[in-house]
Amino acid sequence: MGSLQLPEHIKEITEHETFKFNCHPGVPCFTDCCRQLELALTPYDVVRLSRALHIPTKQFLEEYAVIEWEEGDFFPRVYLGMKDDGRVSCPFVEGKGCTVYSGRPGACRVYPLGRGAFKQDDGSYDAIHVVLREPHCHGFSEPDTQTVAKWTEGQELHTYNSMNDAMLTILQHPDTGRKKPTIEQRALFLDTLYDQDSFRACGKVEDSDQLSDEEFILVAINWLRVQLFGFFKF
Ligand code: SF4
Ligand code: SF4
């Protein structure tokens, strides 16, 4: 794979390269980056946030999500709605930090890294990483040395990454580039993947009560892929 043409503040980073960074309540910009966000949520983000808030996924979607679909997109996009508080703040940020820290979205965990996953010839997924040096972020002045592996581990990103890679089998399915979705298909996408609790309760997946949230999402992704695209091997 050739090197990427990236803006100056974004730098590709290899597995063993190090960078200085940390984020904690002592940094002068603490929680500044929890505002004015276009924070896209994955199905796994919605499950984890719902668990952290102790509410069903349906209630989370009704109270906190903004769902958009644009002509040309196959699937709808789900965003976290920001507060109308004059600072366009995340609904979960307070002076002391993130009130849903245990269930914060993958996007909040991964910064200052960015991860781009791609499919390899053998069908498995690999990923490249970049470091995003946002000028307002004082985390880069901290003395702590990081690597991609250390940051990924510390932010418990492995599970988020594997859920996101599984989602690519739907989001990047070849049919999404050559067909237009029906309204029913778009609704099924949201009902199956985003309102996980209702989908689990509807009984379409046998023994779903035996499965963890992570296992159930993978089953739901496979179930939906067959409904939308048939048994075409991806
Ligand atoms: S979920 Fe937490 S970490 Fe993410 S933007 Fe909101 S307050 Fe910040
Ligand atoms: S701007 Fe950077 S250092 Fe400051 S709170 Fe956000 S991630 Fe942490």
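**Entry 1**

Two strands pair if DSSP finds at least two bridges between them. I kept that rule at hand while I went through this predicted model. I began with strand 8, residues 125–132. Which residue of strand 8 is the bridge partner of Ile 13? I found His 129 there. Strand 1, residues 10–13, is joined to strand 8 by four bridges. The two strands run antiparallel.

Next I looked up strand 7, residues 113–119. Strand 7 also pairs with strand 8 in the antiparallel sense, over seven bridges. One pair I noted is Gly 114 with Val 130 in strand 8. Strand 7 and strand 8 form a hairpin, with five residues between them. In the turn I found Gly 123, which has a positive phi of about 95 degrees.

Is strand 8 enclosed or open? I counted buried residues: six of the eight in strand 8 are buried, so the strand is largely enclosed by the rest of the structure.

**Entry 2: helix 1**

I moved on to helix 1, residues 43–53. How many of the residues of helix 1 are buried? Eight of the eleven are, and I noted helix 1 as mostly covered. The buried ones are Pro 43, Tyr 44, Asp 45, Val 46, Val 47, Arg 48, Leu 49 and Ser 50. I then asked what covers them. The buried residues of helix 1 pack against helix 2, helix 3, helix 5, helix 6, helix 7 and helix 8.

**Entry 3: helix 1 against helix 2**

Two packed helices are described by the angle between their axes and the distance between the axes. I looked up both values for helix 1 and helix 2, residues 57–64. The angle is about 95 degrees, and the axes are 9 Å apart. That makes helix 1 roughly perpendicular to helix 2.

Which residues meet here? From helix 1 I listed Val 46, Val 47, Leu 49, Ser 50 and Leu 53. From helix 2 I listed Thr 57, Phe 60, Leu 61 and Tyr 64. By class, this contact has seven nonpolar, two polar and no charged residues.

**Entry 4: salt bridges**

Side chains of opposite charge can pair when their charged atoms come close. I found ten salt bridges in the model. I looked up three of them.

The pair of Asp 197 and Arg 51 has its closest N and O atoms 2.8 Å apart. Asp 197 is in helix 7 and Arg 51 in helix 1, so I was looking at distant parts of the chain, 146 residues apart. Asp 197 is partly exposed at 22% relative accessibility. Arg 51 is partly exposed too, at 31%. Both also belong to a network of salt bridges with Arg 200 and Asp 213.

Glu 71 and Lys 180 come to 2.6 Å between their closest N and O atoms. Glu 71 lies in the loop between strand 3 and strand 4, and Lys 180 in the loop between helix 5 and helix 6, so this pair ties together parts that are 109 residues apart in sequence. Are these two residues buried or exposed? Glu 71 is exposed at 57%, and Lys 180 is exposed at 61%.

Asp 175 and Arg 178 meet at 2.8 Å, N to O. Here I saw a contrast. Asp 175 is buried, with a relative accessible area of 7%, whereas Arg 178 is exposed at 57%.

Notes
Residues are numbered from 1 along each chain as its sequence is written. Chains are lettered from A and ligands numbered from 1 in the order in which they are written. This is a predicted model: local features need pLDDT of at least 70, side-chain atom pairs count only at pLDDT 80 or more; totals for chains, interfaces and linings use all residues. Side-chain values use heavy atoms; hydrogens and water are left out. Axes are lines fitted to C-alpha atoms, for helices over the stretch in contact, and angles run from 0 to 180 degrees between N-to-C directions. Angles under 35 degrees count as roughly parallel, over 145 as roughly antiparallel, 65 to 115 as roughly perpendicular and the rest as oblique. Contact means heavy atoms within 4.5 Å. Ala, Val, Leu, Ile, Met, Phe, Trp, Tyr, Cys and Pro count as nonpolar, Asp, Glu, Lys and Arg as charged, and the others, Gly among them, as polar. Buried means under 20% relative accessible area, exposed over 50%, partly exposed in between (1.4 Å probe, protein chains only). A salt bridge is a side-chain nitrogen of Lys or Arg within 4 Å of a carboxyl oxygen of Asp or Glu.
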